[in-house]
Amino acid sequence: MKQVRWLYTILILASLLLSVSCTNDDDEGEVLSPTERYTGDSYGELYSPWVLNEQSRNHVTRWSCLYFGSYPTNEVVSGSFEAVDSYALAEGDVISDAALYAQLEQAEWDAADDTEVNGQRYHRLKGSGAVTASVGREQHYKWADTDVYHYFAYAPIKWRVLKIEGTKALLLADRMPDTFPFNTIDAATDWSRCSLRQWLNVEFLSNAFSSAEREAILETEVKNTPNEYYGTESGPDTYDRVFILSGKEVFALPLAADYGFYPFNGLDDPARRFRSTLYAKCRGAWWSPVEGYQGNSFWMMRTSGYTNATVTYICDFGYIYNRGTSVTCDDAAVLPAMAIDLSRGHWTVASSVVSTDIVQ
């Protein structure tokens, strides 16, 4: 296993040679240098994050990735597309196909607004189904007509592997698949009582995963610690199958370092920068217009802000706002996490992600 891991490290270092430097005094390749490590176990072709100089502002992380579950992602249009700025789109986000669009207009849809055409699953959405639907709000999806359906193809959800322990893998979505407020009512709350927890563990869980896939999702003990800066309580610990990360998991030792994030505050960490899918944007997710961060969205954590009517979040730069934003914020994207049993299958290996590649 050590030889396999050493070969894997050599490949990683070769790919990062132009952007990072590393010293390794081990000529025989039996152990990793003190400045680099794997943060957990491996499973087949999957590895826990590999981190280089993890306590440095120039740290580098490589995450193994996998596909698991599926969700509405790419929009089918009949002609040109101008609802989202081009810089905020990823390849494949827009499917320009007039014939397919016509088929979807005539298709039979179930109560969940889903249908299947030629073996592909689709979802339809109109303005009333969005968290927020705007015609002219900057850096938001531009609805020309909120009464007209928009059609989205389901696509596999890509996940980053944050940690492997035996056959258990902790996963974090590579793109925010949807938008939903932390709480639908403007009132003091916490993760244990919020609307988002209910939505993730009921609607998202049901829509994104088949019954067989749901059997592989493990119940996780979710620790809810106080806000590091303001001391605000974040509620009791919970047990969830789907959740979002906490402040300590994103910027406080030892969890943040294990997951591949810079383990301190005060840094616009590229590893914390994420983009939302086109479906999430249609549902209301904001995207950044700032050069160098264009297209990034911001995402909430489950840690309370300076009061229990606020929640902490990560901005488009990858910076943490411990003071937080209102729990009813309607345009933050959701970045779900979960643990699965890899031995139960239903997943496939995806291309890995390196933090030095996350420039926007």
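This is a predicted model: local features need pLDDT of at least 70, side-chain atom pairs count only at pLDDT 80 or more; totals for chains, interfaces and linings use all residues.
## A buried aspartate

Residues are numbered from 1 along each chain as its sequence is written, and side-chain values use heavy atoms, with hydrogens and water left out.

To find Asp93, look in the loop between β5 (60-77) and β6 (94-96). Helices (H or I, at least four residues) and strands (E, at least two) are DSSP runs, numbered from the N terminus. What does Asp93 touch, not counting residues up to four places away in sequence? The list is Asn74, Glu75, Ala88, Arg175 and Leu278, where a contact means heavy atoms within 4.5 Å. The side chain of Asp93 also reaches the backbone nitrogen of Ala90, at 2.8 Å. That pair is a polar contact: N or O atoms within 3.5 Å, where, within protein, one must be able to donate a hydrogen and the other to accept it, and residues adjacent in sequence count only if both atoms are side-chain atoms. Ser343, on the other hand, is 250 residues from Asp93 in sequence and 32 Å from it in space, C-alpha to C-alpha.

## The whole chain

Stepping back, the protein chain has 7 helices and 22 strands. Its radius of gyration is 21 Å, close to the 21 Å that the globule rule gives for 360 residues, so the chain is as compact as a globular protein of that length. That radius is taken over C-alpha atoms, and the rule is 2.2 Å times the number of residues to the power 0.38. Along the principal axes, the C-alpha trace spans about 65 × 45 × 40 Å.

Of the 360 residues, 55% count as buried. Take the contacts between residues at least 6 apart in sequence: 67% of them join residues at least 24 apart. The chain exposes about 15400 Å², and carbon and sulfur atoms supply 48% of that; such areas come from the Shrake-Rupley method with a 1.4 Å probe, and for residues only the protein chains shown count as cover.

## How confident is the model?

The average pLDDT is 90, and 90% of the residues score at least 70. This score is the predictor's confidence in each residue, from 0 to 100. Over residues 1-31 the pLDDT is below 50, and this stretch has 45 contacts in the model beyond near neighbours in sequence.

The largest nonpolar core has 82 residues, and Phe68 and Leu196 have the most contacts inside it. A nonpolar core here is a set of buried Ala, Val, Leu, Ile, Met, Phe, Trp, Tyr and Cys residues joined through side-chain atoms within 4.5 Å. Leaving aside neighbours within four places in sequence, the partners of Phe68 include Ile157, Trp159, Phe209, Met338 and Trp347. Apart from this core lies another, of 9 residues, among them Tyr101, Trp109, Val117 and Ala153.

His123, in strand β8, counts as buried at 11% relative accessibility. Beyond residues up to four places away in sequence, His123 touches Trp109, Tyr154 and Tyr279, among others. The side chain of His123 also comes within 3.2 Å of the backbone oxygen of Asp113. Ala153 is 30 residues from His123 along the chain, with 6.4 Å between their C-alpha atoms.

## Loops and a helix

Val327 sits in the loop between β19 (320-326) and β20 (333-334). Is Val327 buried or exposed? At 0% relative accessibility, Val327 is buried. Setting aside neighbours within four places in sequence, its contacts include Pro181, Phe182, Ile185, Thr310 and Val311.

Most residues other than glycine have a negative phi. Asn53 has a positive phi of about 50° although it is not a glycine, and Asn118 likewise has a positive phi of about 50°. Asn53 is in the loop between β4 (50-52) and β5 and is partly exposed at 26%. Asn118 is in the loop between β7 (114-117) and β8 (120-125) and is exposed, at 73%.

One more asparagine, Asn201, belongs to helix α3 (residues 195-208). A polar atom of its side chain lies 3.0 Å from the backbone oxygen of Arg197. Not counting residues up to four places away in sequence, Asn201 touches Asp240, Arg241 and Val242.

Technical notes. Buried means under 20% relative accessible area, exposed over 50%, partly exposed in between (1.4 Å probe, protein chains only).
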